[in-house]
Amino acid sequence: MTNSLQLTTALKKIIKPLVNEQFWKDNPQAAMTEVSGIQLDSRQIKPGQLFVAYPGHATDGRQYIKQAVDGGATVVLFEQNDSETILETLLNDNQQVAASAQTLSGVAPLGLYNYKEAVLIPVKNLSSQVSHIAARFYGNPTNKMSVVGVTGTNGKTSCAYLMAQALEFLQYPTLMLSTIGNGNPSKLQATENTTPDAIAIQRLAAEYLARKNYHMTMEVSSHGLVQSRVAAVQYKIAVFTNLSQDHLDYHSDMESYFQAKRQLFIREELEAAVINADDEYGRRLLTDDAVACRKIAFSCEQKNEDLNIENWIVAKNLTFNMRGIQAELHTPWGASKLRSGLLGHFNLSNLLAVAASLGEMFGDIDKWIVALNAAKAVPGRMQNFTASSKATVVVDYAHTPDALDKTLTSLREHCAGELWCIFGCGGDRDNTKRPLMGAVAEQKANRVIITDDNPRTESSEEIVSMIRSGMKDQSTQYIQKRKEAIEFALKHSTPNDIILVAGKGHEDYQQIGNKKVHYSDLETVASLMEENA
């Protein structure tokens, strides 16, 4: 979807909360400046736009102020802290830099800097303000939408996708922001991040709101929370799926990881928190007094005697087979039959989370149960392929020890023969999970093949060695190319077997070294099954 919004907003409206009235008295011309867009990427700047520059994880945006101004930026907001060198560089480059303040110390911003045809304004802790700046520019679109935010280690994408499908089934056009793409669930556009940058979130919300999408479901990553990308998003419902080891290269330890997730549930605007009572960290949230909104607990295990929670979602009389999940669904809004085509216990957990969200939004279960039952699995999430006289192949995104464990455990319930597992681990990421995933694969599958995931700049042999270090069989088979690994499994399996191809899911690329090459497990498996049909 192209940007259909044509906006022009006064600079004063965008940054007013960041400055005092004296600033505008001292800089009357700045108060009249009109901004036609906001950008974090200097390469995307168009004339009349505002460029936001601050130090990021990989690079310092302030290094590109000159490029942004040369591209037509009329206003630059830049991180004030440690910015003296940046300004000196600009001054040496062009004598048109002039300051209306004598120093950069004190309360930000102190003044305004003129550089060529642009004005430069310093702001302290700018990265934490970008979401609010973008929200004001785009008219605070999420204030006018019903937004469901989903966080956790596993299940975020499935819950957001199932929820968006159910809403559209009920004739409520819905914007979805997720790992598998942004847009309406039937017309997703590819994205690189689980949670888009702070400006993109507000822009997308405004674009889809203009198209009468009054609902939004989104994955909320721990990175997005810590980096304040969602600071100005107004959530109605927050969903917690589970928490297991992941992203410890960023958060250092599990407690820091949990505290990052917790930020979503202590926000003042929340009307309801939907929380997994089967998860250790979920139970902490359910007993956390700082989570002040209405709490709705969901459980597949029905172990709720130790929690003083009034509102419960539970499933009883469960049946799992290749047709999916059948159960009795009990909610605060009534009981009904759950008849889903999804596979596995963890998908039951996802369905309960979505049921709680739908119940909170619409009440009586009869208003939404058909929509929930009609929702289909996320592409690349427990997506199965069958062909005559061949094993069933299941493609799943499982790329953490917990996710791989749950996926294999779920498939074991459906497998009459041997259970195969083909997986690898990404390079340049948390390497502590590699032996854990090796151990899970060896314990839960009958046959294991290690293959490449996204090795990035790491040696494949080193990654494989770390995976094997968690396994009893140090000679576990390694087939480097994923297609060849799948071909081998298909050749040596029986029709009663299930082959899990884990780790890539919906992704259509591999990153080898610094290059991305096209590769899709979904395309590969579909092609191989067709050849062997």
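**Close-up views of a predicted model**

**View 1. The loop that holds K212.** K212 is placed in the loop between helix 8 and strand 12 (215-219). The model shown in this and the following views is predicted. The phi angle of K212 is near 65°, a positive value in a residue other than glycine. With a relative accessibility of 55%, K212 counts as exposed, because the cut-off for exposed residues is over 50%.

**View 2. The loop that holds K116.** K116 is found between strand 7 (113-115) and strand 8 (118-123), in the loop that joins them. Its phi angle is positive, near 55°, in a residue other than glycine. The relative accessible area of K116 is 28%, and the residue is therefore classed as partly exposed.

**View 3. Helix 6 against helix 8.** Helix 6 (residues 130-137) packs on helix 8 (residues 198-210) at an angle of about 25°, and the two axes are 8 Å apart. The two helices are therefore roughly parallel to each other, since angles under 35 degrees fall in that class. Their crossing is right-handed. On the side of helix 6, the contact is made by V130, S131, A134 and A135, which meet A198, I199 and Q202 of helix 8. By class, these residues comprise five nonpolar, two polar and no charged.

**View 4. A200 within helix 8.** A200 is a residue of helix 8. Its relative accessible area is 11%, so A200 is buried, because buried residues are those under 20%. A200 and G424 are 224 residues apart along the chain, and their C-alpha atoms are separated by 32 Å.

**View 5. Helix 7 crossing helix 13.** The axes of helix 7 (residues 156-169) and helix 13 cross at roughly 45° and come within 9 Å. This angle makes helix 7 oblique to helix 13. The crossing of the pair is right-handed. From helix 7, the residues in contact are S158, C159, L162, M163, A166 and L167. Their partners in helix 13 are N347, N350, L351, A353, V354, S357, L358, M361 and F362. The contact of helix 7 with helix 13 contains 11 nonpolar, four polar and no charged residues.

View 6. G341 occupies the loop between strand 18 (334-340) and helix 13. This glycine has a relative accessible area of 51% and is therefore exposed. Apart from neighbours within four places in sequence, G341 is in contact with R323 and G324. Between G341 and C300, the separation is 41 residues in sequence and 17 Å in space, taken from C-alpha to C-alpha.

**View 7. Helix 15 and its surroundings.** Helix 15 (residues 401-412) consists of 12 residues. From its first C-alpha to its last, helix 15 reaches 16 Å, close to the 16 Å expected at 1.5 Å a residue. Its buried residues are P401, A403, L404, T407, L408, S410 and L411. An α-helix has 3.6 residues a turn, so residues three or four places apart point the same way. The helices against which the buried residues of helix 15 pack include helix 13 (345-362) and helix 16 (433-444). Those buried residues also pack against strand 20 (392-396), strand 21 (419-423) and strand 23 (498-502).

Notes: Residues are numbered from 1 along each chain as its sequence is written. This is a predicted model: local features need pLDDT of at least 70, side-chain atom pairs count only at pLDDT 80 or more; totals for chains, interfaces and linings use all residues. Side-chain values use heavy atoms; hydrogens and water are left out. Helices (H or I, at least four residues) and strands (E, at least two) are DSSP runs, numbered from the N terminus. The expected span of a helix is 1.5 Å times one less than its number of residues. Buried means under 20% relative accessible area, exposed over 50%, partly exposed in between (1.4 Å probe, protein chains only). Contact means heavy atoms within 4.5 Å. Axes are lines fitted to C-alpha atoms, for helices over the stretch in contact, and angles run from 0 to 180 degrees between N-to-C directions. Angles under 35 degrees count as roughly parallel, over 145 as roughly antiparallel, 65 to 115 as roughly perpendicular and the rest as oblique. A crossing is left-handed if the near helix is turned anticlockwise from the far one by less than a right angle, and right-handed if clockwise. Ala, Val, Leu, Ile, Met, Phe, Trp, Tyr, Cys and Pro count as nonpolar, Asp, Glu, Lys and Arg as charged, and the others, Gly among them, as polar.
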